[in-house]
Amino acid sequence: MADNDTSIKPKTVTKPKLERPKLYKVILVNDDYTPREFVIMVLKAVFHMSEETGYRMMMTAHKMGVCVIVVCARDIAESKAKEATDLGKEAGFPLMFMTEPEE
Ligand code: TYC
């Protein structure tokens with residue numbers, strides 16, 4: 001082998017593709033039957049909100065139809081939405097929390 005018989009190998013750097021997991025919104029949906037105080041109680045209990053924040057978010061849903069409560073990982077969003085919706089169901093109210101992927 002000659003001295004200058006060097007093999008030139010391109011050094012390829014493969015970047016590991018780390019996909020960022022999609023985030024999900026928990027959305028409070030307005031209805032005509034659930035009492036305002038009950039909605040605030042659920043927001044405080046499930047989402048650890050203050051009375052003031054709970055009131056503000058309840059009123060946003062009341063006036064606008066919906067209100068984004070939190071954005072988080074899918075499994076947390078789904079279990080929180082179910083827990084909060086179930087509290088309404090157990091009390092006989094049609095209170096609804098949905099989840100939706102963030103764009
Ligand atoms: N609209 C309800 C009422 O007037 C209160 C309410 C607010 C219910 C927000 C649901 O997501 C909701 N009693």
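Start by selecting Val-29 and the ligand: a polar backbone atom of Val-29 is 2.8 Å from an oxygen atom of the ligand. That counts as a polar contact, a pair of N or O atoms within 3.5 Å. This is a predicted model, where local features need pLDDT of at least 70 and side-chain atom pairs count only at pLDDT 80 or more, while totals for chains, interfaces and linings use all residues. Residues are numbered from 1 along each chain as its sequence is written, and side-chain values use heavy atoms, with hydrogens and water left out.

Next, pick Asp-31, where a backbone N or O atom lies 2.7 Å from a nitrogen atom of the ligand. Then click Thr-34: one of its polar backbone atoms is 2.9 Å from a ligand nitrogen. How much of the ligand's 350 Å² does the protein bury? The protein buries 89% of the area that the ligand exposes when taken alone (Shrake-Rupley method, 1.4 Å probe).

Now show the residues around the ligand, among them Leu-28, Arg-36, Met-58 and His-62; each has a heavy atom within 4 Å of the ligand. Colour helix 2 as well, since helix 2 gives the most to this shell, with three residues (helices are DSSP runs of H or I, at least four residues, numbered from the N terminus).

Finally, move to Leu-23, Val-68 and Val-71, which make a nonpolar surface patch of about 210 Å². Val-71 counts as partly exposed because its relative accessibility is 35%, between the 20% and 50% limits.

How values were computed
A polar contact is a pair of N or O atoms within 3.5 Å; within protein, one must be able to donate a hydrogen and the other to accept it, and residues adjacent in sequence count only if both atoms are side-chain atoms. Helices (H or I, at least four residues) and strands (E, at least two) are DSSP runs, numbered from the N terminus. Patches are made of residues with over 30% relative accessible area and no salt bridge: like charges are joined within 9 Å, nonpolar side chains (Val, Leu, Ile, Met, Phe, Trp, Tyr) within 5 Å. A salt bridge is a side-chain nitrogen of Lys or Arg within 4 Å of a carboxyl oxygen of Asp or Glu. Buried means under 20% relative accessible area, exposed over 50%, partly exposed in between (1.4 Å probe, protein chains only).
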